[in-house]
Amino acid sequence: MKRATSKRSILMAAIAGLLSQACGGGGGSDNPTPPTTKYTLSGTIRPASGAAVDSDVNDPVASYQSNDTIANAQPIPNPVTLGGYVNQPGSGPSGRSRAAGDEVDIYKVSLLAGQPINLLIAGDGVKDDLDLGLADLSGKILDASASQSRAESLTVKTDGDYLVVVAVDKGASNYVLTIGQSLTPTEAGTRLRLSDPFVAGEAIVRFKEKGASGLRTQAQALGATRNRADEREERNRLLNLTALKQTSAYSALAGADAPGFPGGFQADDPVLQNRLETLYLIKALKRHPDVADAAPNFIRQAQFVPNDPLYQFQWHYPQINLPQTWDITTGANAIVAVIDTGVALSHPDLQGQLVEGYDFISDPVNAGDGDGIDRDPNDPGDHSNPDGSSSFHGTHVSGTVAAATNNSIGVAGVAFNAKVMPLRACAAGSAARDYDIEQAARFAARLPNDSGTTPPRRADVINLSVGGPGSSSASQAVYAQVRAAGVVIVAAASNEASSDPSYPAGYPGVIGVSAVDINKNLASYSNFGPWVSVAAPGGSTARDVNGDGKPDGVLSTVATDSSGTLVNDYVIWQGTSMATPHMAGVVALMKSVAPTLTPADIASLLSSGALTEDLGTPGKDDKFGYGLINAYKAVTAAASTGSNPVNPTPILAVSPSALNFGIGLNSQTLTVLNGGGGNLTVSSPTEDSGGWLSVTPARINTSGMGDYTVAVRRDGLADGVYSATINFRSSANEVQVRVIMQIANNLSAGAVGQQYVLLVDPKTGDAIIDVTAVRQPNGSYTYTLDNVSAGSYEIFAGTDSNNNQFVCDVGESCGAYITTDAPVVIEVNQNRSGLDFVSGFTVNLADFKSVGEGNRETGKRRSSARQVGTAR
């Protein structure tokens, strides 16, 4: 059974030689000739917190419980990230529901007013089209989202118990359903949502230039097509749908059944039902071959639309006090060289953010663009994932450094008025050779290099989200030269959860960056050691501490090419590769206010504690170096060295900014600190829960700053979702922390569905061994891989909800040892146990716009037996 890993979830770190560095901070070695001795590998797969899975997927091996009717609606937690699958009869891969169909999944959930419900469709939203509905407990539709796009979303109006309905209108598809605390992002494209203000019985239609049909003729009779000889091009026309119902074209358009939400769901009153029918008639119009576009006749009112709609999910920026820093500088006149896979130059959130770059991949065979070094830093795809799709790792890194901000799309960047110098060094397999990296670094510093040219201006800082074992005095000398030229070098600590040094982060004079999670703990995957200089947000996709319904990883720009067509996107990843550009961006902010700062100046400020929030053991330690980078402290410290010092003001900061207790946690910790300068006094916090929540000092100073324990009391509470706000007041400002908690005695804390475990050759991406993991009573899965030959391997696991013989497709859970973003290569020469990791759902946000992708087989193909997503 072959099942292939999703390119959205995995950044495979293939290695190209002993001195190659993996983009993503991982490394490995060639497989030795296998001896006759065989070994056993085993471990436990833990479900990501807040995860859930559709109980009636197409995989015949997975446990089954129908959720197709109101009577057997599947209870789910809140917040939740849920993976599922629906199909019309005869659509989709063979499996449990292929013949009879699984047209609706119905979930029962307690919701709070203002909560978003988001549906991400793995299919294209057109040929494989799913809709999202919100109904009362009797099944009456209260709101629905029926766009022809890959994303549907709704917002809950009032507190209560509801049915959330995922229905297939056409074809078959996996999906990811998320419910969280934050506001729903602004969507791009045509949205068809029942609760939006529009005129019932009307549609704005634009016909194609050519074509004749009954619909076009009838519409012309109703005045919806052009009727003036001087109009040479089709334009939008208003179509009366109520009048259209009386024509012969209506039955052909609407079909045999009355238009409405799939599965027979009806609205609660005739007015709402008329609006629902309007949406589905518009949807039918959009599918008609003579129609170029169709949309509701929306009713518009003046309103504030915030910029960067996905910024609300970038918790990692407030963690390092970026919002306050942007009042001082946004990085103007600074340049950050990103030495990586290159950049997807077409990404809309990187337009205007780049300066001249270069491609330093010297081997034409590995370059992926048909030649050796050249002037084009565009990322053609590194094909680093086992299914042959690409990571676009450098695009994610560059977006964190300097994504365009306040442009009403996508995400924000750390230093969004700085510029990125994109330099390609990571080639096929996402591996970079030391010599290519060195040439890119020399170019960035305006030193002689193999391109025979230099940029008009050198970079201020180099970001190296690459790393691997093995040091070289020759390479160390190059970095020393680059630093002597005035360039600050920042590099990832790597992701093996090891104290072994990773290079170039381990070289003297290079700022090595470890990763922390949302709670400011060292991330489980992060390397550590005396060579680590600083920590920055790298995240953890295994958790949803703030309850926004999204994994607590780092959100940034990315591209995908699994369908053969480049698609610009946004994705949440974790890793020291993600932490490093936070630090590089902060250095750019520092250089913006103090251009004469040298690498030695910055190293001195860092070692003095002027740039960081001290974590762990006081002073420098192996986990966090000198501490977590604090952008506000760093910029004010930098400014104080120049002619325009900034008087640092006290700023009350609380981390995390929101808490999610889910159905199982009883206590968590909030850290309260002065994120700025000067004196700050914090009053005792207050909360409005009415008694089920408590906030008590755990370890605070006389000014009220330090750690607070937040605890929930569940005894005596009825099943439901509870929310509260904790208020911290200080002499400077006030901070509110939102809290969400659920009482649900019939739900488990996390479920990700039947796991298939693959032992993978890291050089080829082929699954060598494929086993079915065994579910344990606590919801985890255990696995054993027998008869393993000595050699180098990676371990992946995931579900196969659509039963296409691939695990880790979009909408399916996925995990890898130690992390899917940079799987660790395991050297097998003895039996090994305790190879534990987390499986969860990857959330691609795509700015909530249709990105035109099909229902892709993007997972890891399974090695034998049956057909299912990442070939297992």
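A residue counts as buried when its relative accessible area is under 20%. Keep that cut-off in mind while looking at this predicted model.

**A helix tucked inside**

Start with helix α7, residues 393-402. How many of the ten residues of α7 are buried? Ten of the ten are, so the helix is largely enclosed by the rest of the structure. Among the buried residues you'll find His393, Gly394, Thr395 and His396, along with Val401 and Ala402.

**One aspartate in a strand**

Now hop over to strand β12, which spans residues 160-170 and holds Asp169. Is Asp169 buried or exposed? Its relative accessibility is 18%, so Asp169 counts as buried. The side chain of Asp169 makes a polar contact of 2.6 Å with the side chain of Arg287. Leaving out residues up to four places away in sequence, Asp169 also touches others, including Gln88, Asp129, Tyr280 and Lys283.

**Two helices side by side**

Two packed helices are described by the angle between their axes and the distance between the axes. For α8 and α9, the angle is about 10 degrees and the axes lie 10 Å apart. Angles under 35 degrees count as roughly parallel, and α8 and α9 are therefore roughly parallel to each other. Here is who takes part in the contact:

| Helix | Residues in the contact |
|---|---|
| α8 | Asp434, Ile437, Glu438, Ala441, Arg442 |
| α9 | Ser475, Val478, Tyr479, Gln481, Val482 |

What kinds of residues make up the contact of α8 with α9? Five are nonpolar, two are polar and three are charged.

Methods:
Residues numbered from 1 in each chain as written. Predicted model: local features only at pLDDT ≥ 70, side-chain atom pairs only at ≥ 80, totals over all residues. Heavy atoms only, no water. Buried < 20%, exposed > 50% of the residue type's maximum accessible area, 1.4 Å probe, protein only. Helix = DSSP H or I, 4+ residues; strand = E, 2+ residues; numbered from the N terminus. Polar contact = N/O pair within 3.5 Å; in protein donor to acceptor, adjacent residues only side chain to side chain. Contact = heavy atoms within 4.5 Å. Axes fitted to C-alpha atoms, helices over the stretch in contact; angles between N-to-C directions. Parallel < 35°, antiparallel > 145°, perpendicular 65-115°, else oblique. Nonpolar A, V, L, I, M, F, W, Y, C, P; charged D, E, K, R; others polar.
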